[in-house]
There are 4 protein chains.
Amino acid sequence: MAGIVLEVGADADLGLVHNALRGCGVWGRTLGGALGSHSGARVVVLEGHSKEVNLGVLLDIPGVLNVYRGSSPHPKVDELRNRNIWVGSALIGGDETPLLMAGPCSVESEEQIHQCAAMVKRCGGRVLRGGAFKPRTSPYAFSGAGKEALGWLRDAALAHDLGVVTEVMSEREVDSVARAADLIQVGSRNMQNFALLGAVGAQKKPVLLKRGMAASVEEWLLAGEHLLAAGCSSVIFCERGIRSFDDTTRNLLDLSAVALLRHVHGLRVVVDPSHGTGRRDLIAPMSKAALAAGADGLLLEVHVNPAEAVSDGPQALRESELENLSQDLGLLLPT
Amino acid sequence: MAGIVLEVGADADLGLVHNALRGCGVWGRTLGGALGSHSGARVVVLEGHSKEVNLGVLLDIPGVLNVYRGSSPHPKVDELRNRNIWVGSALIGGDETPLLMAGPCSVESEEQIHQCAAMVKRCGGRVLRGGAFKPRTSPYAFSGAGKEALGWLRDAALAHDLGVVTEVMSEREVDSVARAADLIQVGSRNMQNFALLGAVGAQKKPVLLKRGMAASVEEWLLAGEHLLAAGCSSVIFCERGIRSFDDTTRNLLDLSAVALLRHVHGLRVVVDPSHGTGRRDLIAPMSKAALAAGADGLLLEVHVNPAEAVSDGPQALRESELENLSQDLGLLLPT
Amino acid sequence: MAGIVLEVGADADLGLVHNALRGCGVWGRTLGGALGSHSGARVVVLEGHSKEVNLGVLLDIPGVLNVYRGSSPHPKVDELRNRNIWVGSALIGGDETPLLMAGPCSVESEEQIHQCAAMVKRCGGRVLRGGAFKPRTSPYAFSGAGKEALGWLRDAALAHDLGVVTEVMSEREVDSVARAADLIQVGSRNMQNFALLGAVGAQKKPVLLKRGMAASVEEWLLAGEHLLAAGCSSVIFCERGIRSFDDTTRNLLDLSAVALLRHVHGLRVVVDPSHGTGRRDLIAPMSKAALAAGADGLLLEVHVNPAEAVSDGPQALRESELENLSQDLGLLLPT
Amino acid sequence: MAGIVLEVGADADLGLVHNALRGCGVWGRTLGGALGSHSGARVVVLEGHSKEVNLGVLLDIPGVLNVYRGSSPHPKVDELRNRNIWVGSALIGGDETPLLMAGPCSVESEEQIHQCAAMVKRCGGRVLRGGAFKPRTSPYAFSGAGKEALGWLRDAALAHDLGVVTEVMSEREVDSVARAADLIQVGSRNMQNFALLGAVGAQKKPVLLKRGMAASVEEWLLAGEHLLAAGCSSVIFCERGIRSFDDTTRNLLDLSAVALLRHVHGLRVVVDPSHGTGRRDLIAPMSKAALAAGADGLLLEVHVNPAEAVSDGPQALRESELENLSQDLGLLLPT
């Protein structure tokens, strides 16, 4: 996004202007002269990595007459800068320790989700995840236990003093999901389902917005703007891997986007390394990398017995693995 | 590439300016106002699809004070516009019928390449292709019969009055390949091997430049500029599929890039649907599509007996298939 | 998808087996031997391009003991093979001339859509397109005239004896859209909105299913299976460009996927070169290329006055341009 | 890569086999039955994430008759597992602190590289980087000071007791570069320049192999195999970002590939966050993330005065920034 244009006077030394720009950490490209310009002024366009430049500094460069910058296309997202967000009784952001949200891919039974909730609690988690409605590529695959599972999930979380995050897939289920969840999840495949974003936003609750598989960072921010424009109270952005040409890992976890959202935009970001890598053996290192890049929390898949999970077993952590990771991350005292 | 910037007077009606731009087939985005500008002028930046806009027309829009455009980064490529190119005794471009270049993936033996040359000739081909040096992902795979095969290839082509196109992979082999070839091929993996581009360009012969697997159109054009800056007489661009997230076909054949190079840049383009799709059953429809999109020619893999090819057999056409395709394309009279 | 596995006897000559496979147009890879196998048998796995191989032929290869193949994950899509589909009074498929569906990006007013309908009719179109509900990346952009526009669209089509295709974005609007449309469009961003697919499928009408921006061919077929499993009468697949690393064109039109769906899977496919390229000057060549690759029809954006279009003006054809294209495609007699 | 196939007896319970597989952390897919198999046996194919499965464990699953696995295509890379590598007097791997390699993008002058070397040494670096030959997309951009700069680089490193890593771009310069460098760098654009890989490997020195912009992990490992097969003593793999559809950051840094190479393949990996992100403000968080993911070292661009760098200034760290980062990483005691 070449959002900044500088007009440089006819007499100014363009070389000095470019040096000054490089000193600010940005590249410029000079346009024109020849045919198109009447006044002799020249124009310098700043390239993509220049977003956070202070306009006043640019105006002070000798020879620069005017500086033009586009207004932000997502003003409500910009207002979230450095805002802490409550998820149930847990706070995300600030000086808090990273927020651990964990649970099974699917809520399979009342017993299973209670076991998982106990395990998440023992391991230092603050929020329970679990899918009652599951998006599945094939119409013939298990697509969740449905509305009943929302109740099981809520009860299990209450019993162990955890918050609840769960996904909504249909406009018709927004009310039910909003009643059960402290944090409403919008999944990757629905990041640009604008009807759903509108309905979810109208609930005025916090939303976990997963990045679409082929969504640019700008489109992701604009999806957040859709939610906020519809009334949503706050948005936590969740990176879960994007699609690439290489299928060595299930998706390509884009931690630079995490660093960008956290450090440059000041937003709250969590990372889902379970979907991001699709491999249990990479979840611990990528969880650590996510926090090092700036993530405020993690969304992890765990299972009491991954061998019997009805979906995504190979990427779910066992209790011992989650416990070790939590200790490494300082969420749990070593035993 | 935001290559065009318009300065609009303080009093002008921006809505009318934008309408006028849309009439020219381009989108504009207005920057600035607020903080940065002293004069009250506004700036409109034109988006990516606006390359071929006439500056004079833009200057005539009421309210537009100045128009700034960047100079072309590839002036020598621009000079190739609509130039016809000889490949041996065949001419590519103009009102000529499409140029058919065909042959085996690898030159395997003297006998095999003579049989292939005869087959190519019978089917309306004008140029014989065949690899003496083959780039292979694994160091343990067959990597071509080497220098000796260059002689076999040259002789087979001469015997059947065909031109020769063959790939060079090493700076050390540029001389030998240039002696054997009417058209020197630079492969996808070497599109940005700048040392090789320099050595090949210095031969002052026509070059077939395959697009890199992840090369943007702009990078492809600039690789052509590298060749021309080094002395190359002319460049034919060859689209052979780029890398994408979907491996349903071996690569993703980008025919829009072909239409763009041919119809907007005026360059000579051929398409290699053999590597582009990796499937024999898609070569005929994609060959027709390539010519419909604007390609000046085709580069096809054929084999006397695909079942015995040492490389790429599944994407090689048999003689009967090539013959049918040539008839469909009007390169051969129906029998 | 390595969907085929051959078990080869301990005494068989693997070289001959591989030659025979190459003769069938497929590559095989031999696994095992060493540690894992008790019986001495070997296994050959067939690579991705081998989908359409006849099992009987493979069983006849000397030395092959068994052949294992996975069942199709989309049986209902497979049943559509070579089925012609009615869209209003127009038939898509068979020996019919290509089906031209055209109209404005957005239905802006009653007058505009009537003018467009007349223009589409004059130019040989059989189906009128136009958006009443528009997916927009920004919540602040024009998102369609809504329900009222559905009536305008229907009336304009009726007045000029055209069918109607229009997009549905929300489960709540499925009924209204289904009443107005002969062909219900599901957009790229909703290709994996499974709640919407279910609601649309239940209407038991034909559906135009656009490919998601990062959807593999397999995921696209499975989205079609979702529709058919929910009751949909038939699916026309619409290629409109996928996302790539190169933004020279707005999207990357994947005509190999079109050839694959048409020639290998026997499905009905239309191409949208307007969104596929985003540039008016590439629409004609890419329309021709689409039909050459095997498309059964085209979905085009046209506008009476592109300069005043509220959305997507730069990719809309003027009447004279549509007329020329229709003549070139044989849909209209030359004047 | 479906590299593992299990043959399951006619009488075995497939459900139990699949449960057992999930317990091992892998997914299986059952093929066949119906038409193709004579014996009644079934075949289960393991999906991509199953690389590190122990064959013996699979053979012990009740009902499994045979297990077939492909041999590794890169045996020499496999032999590097957990091997520590000397770069000058610095050791990479083992219990060592992470190896910091830093320096300017281009060696611009004798004075500049001496200043940089002093700065790198003060900040805890052990190896000096700097380009004498620079790959440039445009033929008209500064392409390095050439052979003379190799001497400056060597002298500056010696004067400050640092090792040297520098890139080679041409077969003709391999000897000169090998004399100047402790670690020969092969750049992204040349990862599949097989002629160069052969010439570099023949030097029998350690090589830093950057990943190609569109290279899969498997192709990267095979490029390492090319080097080793040609005689190279050892390979350090360098992740520097791959190409994606999103240009928010300059490239997409793939830290999951880093975790995979380090933790699963046991290879030595360094990360270049300077090219990986293209933004100075993201280099510190992404450096920390890289080490957390498992990287053994970092390759950083620094400059005494980024405003005056002839190339890549916006991604170069200043001394104060490098010093802070080194302290954060424990490479330098806090002052």
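Author: One term first: contact means heavy atoms within 4.5 Å. Leaving aside neighbours within four places in sequence, C:Leu255 is in contact with B:Leu255, B:Met286, C:Val271, C:Met286, C:Ala289, C:Ala290 and C:Ala293.

Reader: ok, and where do these numbers and letters come from?

Author: This is a predicted model, where local features need pLDDT of at least 70, side-chain atom pairs count only at pLDDT 80 or more, and totals for chains, interfaces and linings use all residues. Residues are numbered from 1 along each chain as its sequence is written, chains are lettered from A and ligands numbered from 1 in the order in which they are written, and side-chain values use heavy atoms, with hydrogens and water left out.

Reader: back to Leu255. Which residues have the most contacts inside the largest nonpolar core?

Author: A:Leu255, B:Leu255, C:Leu255 and D:Leu255, in a core of 300 residues. A nonpolar core is a set of buried Ala, Val, Leu, Ile, Met, Phe, Trp, Tyr and Cys residues joined through side-chain atoms within 4.5 Å. Buried means under 20% relative accessible area, with a 1.4 Å probe and protein chains only; exposed is over 50%, and partly exposed is in between.

Reader: new topic. Is D:Asn66 buried or exposed?

Author: D:Asn66 is buried, at 4% relative accessible area. Its place is in strand 4 of chain D, residues 64-69. Strands are DSSP runs of E, at least two residues, numbered from the N terminus.

Reader: what does the side chain of D:Asn66 make a polar contact with?

Author: The side chain of D:Glu7, at 2.8 Å. A polar contact is a pair of N or O atoms within 3.5 Å; within protein, one must be able to donate a hydrogen and the other to accept it, and residues adjacent in sequence count only if both atoms are side-chain atoms.

Reader: how many residues of strand 9 of chain D are buried?

Author: 5 of its 5, residues 163-167. D:Gly163, D:Val165 and D:Glu167 cover one side, while D:Val164 and D:Thr166 are on the other. Strand 9 of chain D pairs with strand 8 (residues 127-129) in the parallel sense over 3 bridges; two strands pair if DSSP finds at least two bridges between them. D:Arg129 stands opposite D:Val165.

Reader: last one. how much area do chains D and B bury between them?

Author: About 2500 Å², 52% of it on carbon and sulfur atoms. Buried area is the accessible area (1.4 Å probe) that two parts lose on being put together, summed over both. In chain D, D:Thr137, D:Tyr140 and D:Glu171 lose the most area to chain B, together 22% of what that side buries.

Key: Helices (H or I, at least four residues) and strands (E, at least two) are DSSP runs, numbered from the N terminus.
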